Amino acid sequence: MEIAGLHPEIDERLVDDVDTANGLGFIGSPTILIDGVDPFANAQAVPSLSCRLYPTDLGLQGAPTVESIVEALRR
């Protein structure tokens with residue numbers, strides 16, 4: 001798959017228990033990790049099985065924008 005000239009490897013995981021959430025640093029669905037790091041996490045976030053909201057120019061949304069993801073991939 002190509003996204004903005006990048007070729008990221010995408011690995012989806014089901015996180016259905018607290019131990020897995022803690023091990024992955026999963027702070028709500030969806031969590032996107034790049035090289036094992038959540039580029040959208042804030043310092044107060046704790047692992048949990050919950051829904052997650054992301055700040056965007058349109059207010060809080062259920063996922064980061066494509067532009068935000070591309071920017072995080074390029075870093």
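Thr31 counts as buried, at 18% relative accessibility, where buried means under 20% relative accessible area, exposed means over 50% and partly exposed lies in between, with a 1.4 Å probe and protein chains only. The place of Thr31 is in the loop between H1 and E1; such helices (H or I, at least four residues) and strands (E, at least two) are DSSP runs, numbered from the N terminus. This is a predicted model, in which local features need pLDDT of at least 70 and side-chain atom pairs count only at pLDDT 80 or more, while totals for chains, interfaces and linings use all residues. Residues are numbered from 1 along each chain as its sequence is written, and side-chain values use heavy atoms, with hydrogens and water left out.

**The chain as a whole**

- The protein chain has two helices and two strands, and from the N terminus on these elements run in the order α-β-β-α.
- Along its principal axes, the C-alpha trace of the protein chain spans about 35 × 30 × 20 Å, and 19% of the 75 residues count as buried.
- Where contact means heavy atoms within 4.5 Å, 38% of the contacts between residues at least 6 apart in sequence join residues at least 24 apart.
- The accessible surface of the protein chain comes to about 5600 Å², of which 53% belongs to carbon and sulfur atoms; accessible areas come from the Shrake-Rupley method with a 1.4 Å probe, and for residues only the protein chains shown count as cover.
- The protein chain carries 4 positive and 12 negative side chains, and the centres of the two sets lie 6 Å apart. In this count Lys and Arg are positive and Asp and Glu negative, with His and the chain ends not counted, and the place of a charge is taken as NZ of Lys, CZ of Arg, CG of Asp or CD of Glu.

- Not counting residues up to four places away in sequence, Thr31 touches Phe26, Asp38, Arg52 and Tyr54.
- Pro30 is also found in the loop between H1 and E1, and the peptide bond that leads from Ser29 to Pro30 is cis, with omega near 0 degrees.
- Leu33, whose place is in the loop between H1 and E1, is partly exposed, with a relative accessible area of 36%.
- Leu33 touches Leu24 and Asp38, when residues up to four places away in sequence are not counted, and from C-alpha to C-alpha Leu33 is 14 Å from Asn22, which is eleven residues apart from Leu33 in sequence.
- Asp35 lies in the loop between H1 and E1 and counts as exposed, at 80% relative accessibility; phi of Asp35 is near 55 degrees, a positive value in a residue other than glycine.

- Phe40 is partly exposed, with a relative accessible area of 23%, whereas Tyr54 counts as buried at 2% relative accessibility.

- Thr56 lies in strand E1 and counts as buried at 18% relative accessibility.
- The side chain of Thr56 reaches the backbone oxygen of Gly59 at 2.6 Å, and, leaving aside neighbours within four places in sequence, Thr56 is in contact with Gln61, Ala63 and Thr65.
- Val70 is found in helix H2 (residues 66-74) and counts as buried at 10% relative accessibility.
- Val70 touches Ile3, Ala4 and Leu6, not counting residues up to four places away in sequence; Val70 and Leu6 are 64 residues apart in sequence and 8.3 Å apart in space, C-alpha to C-alpha.

Key
A polar contact is a pair of N or O atoms within 3.5 Å; within protein, one must be able to donate a hydrogen and the other to accept it, and residues adjacent in sequence count only if both atoms are side-chain atoms.
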